[in-house]
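Open your viewer and get ready to select a few things one after another. Here is a short tour, stop by stop.

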Amino acid sequence: MLFEMICGFGEVEDVPDLWAHHQVSLFEDFVHRYSEQTGPHYALADIEELLTSYNLSLQKLHLATVDLPASVLERANFDVVEEQAKANSYTMQLNSEQRIVVEILLSAVYNNAADTPKSYILDGPAGTGKTFVHSVVAPKCEIFNCVMRKFSVIDCQVYFFALHF
């Protein structure tokens, strides 16, 4: 999301250079989730989708493009009950710091008041459980028709959680 925001607000003059320096970090979660071959394609498709909110595209920014069918990108096999069960079992494994973060994020989901913050940045070195926190909170967001997007940027050390209802 940070990459898209930087591009959207015109905060960088040479987008291809920025891309060249950080593309491995931007692909990292997708490569882990899918594979070395397909992960970058999914990452590009996700970035392309986010760029549309700034009236931009990968092509407009002179970056590599990807054309994946919508059916590939949809979560057609998402089982809410199964994901909830996994999230509940993961909740029992949270350490105290992760538990605090999960409580803050879920209170934002449950308290849909206008003055409740809906954007959070979770920062920490690799291996501290940022992705684990996401795996606990995301299924709970699905129940409330809330989409929680996770974006890794800058060497996979910062995650931006945006809660969209």
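Helices (H or I, at least four residues) and strands (E, at least two) are DSSP runs here, numbered from the N terminus. You are looking at a predicted model, where local features need pLDDT of at least 70, side-chain atom pairs count only at pLDDT 80 or more, and totals for chains, interfaces and linings use all residues. Residues are numbered from 1 along each chain as its sequence is written, and side-chain values use heavy atoms, with hydrogens and water left out.

**Stop 1: the whole chain.** Switch to a cartoon view. The chain has 7 helices and 3 strands, and from the N terminus on their order is α-α-α-α-α-α-β-α-β-β. Of the 165 residues in the chain, 40% are buried (under 20% relative accessible area; exposed means over 50%, and partly exposed is in between, with a 1.4 Å probe and protein chains only). Contact means heavy atoms within 4.5 Å. Among contacts in the chain between residues at least 6 apart in sequence, 60% join residues at least 24 apart.

**Stop 2: two crossing helices.** Select residues 15-33 and 39-51. These are helices H2 and H3, whose axes come within 8 Å and cross at roughly 105°; axes are lines fitted to C-alpha atoms, for helices over the stretch in contact, and angles run from 0 to 180 degrees between N-to-C directions. H2 is therefore roughly perpendicular to H3 (65 to 115 degrees; under 35 is roughly parallel, over 145 roughly antiparallel, and the rest oblique). Show side chains: H2 brings Trp19, Leu26, Phe27, Phe30 and Val31 to the contact, while H3 brings Gly39, Pro40, Tyr42, Ala43, Leu44, Asp46 and Ile47. These residues divide into 10 nonpolar, 1 polar and 1 charged, where Ala, Val, Leu, Ile, Met, Phe, Trp, Tyr, Cys and Pro count as nonpolar, Asp, Glu, Lys and Arg as charged, and the others, Gly among them, as polar.

**Stop 3: the cores.** A nonpolar core is a set of buried Ala, Val, Leu, Ile, Met, Phe, Trp, Tyr and Cys residues joined through side-chain atoms within 4.5 Å. Select Phe3, Cys7, Trp19, Ile47, Leu51, Leu61 and Leu63, which touch the most other members among the 18 residues of the largest core. Helix H1 (2-8), H2 and H3 each supply at least two residues of this core, and the largest share, 7 residues, comes from H2. Then center on Trp19: leaving out residues up to four places away in sequence, Trp19 touches Phe3, Leu26, Phe27, Leu44, Ile47 and Leu63. A second, separate core of 10 residues includes Leu122, Val133, Val136 and Val137.

**Stop 4: the loop between H3 and H4.** Which residues here have a positive phi without being glycine? Pick Asn55, with a phi of about 60°, in the loop between H3 and helix H4 (70-73). Asn55 is exposed, at a relative accessible area of 60%. Next pick His62, which lies in that loop and has a positive phi near 60°; His62 counts as exposed at 66%. For context, most residues other than glycine have a negative phi.

Stay in the loop between H3 and H4 for Ser53, exposed at 60% relative accessibility.

**Stop 5: Met92.** Finish in the loop between helix H5 (80-91) and helix H6 (96-110), the place of Met92. Met92 is exposed, at 68% relative accessibility. Met92 and Val136 are 44 residues apart in sequence and 9.9 Å apart in space, C-alpha to C-alpha.
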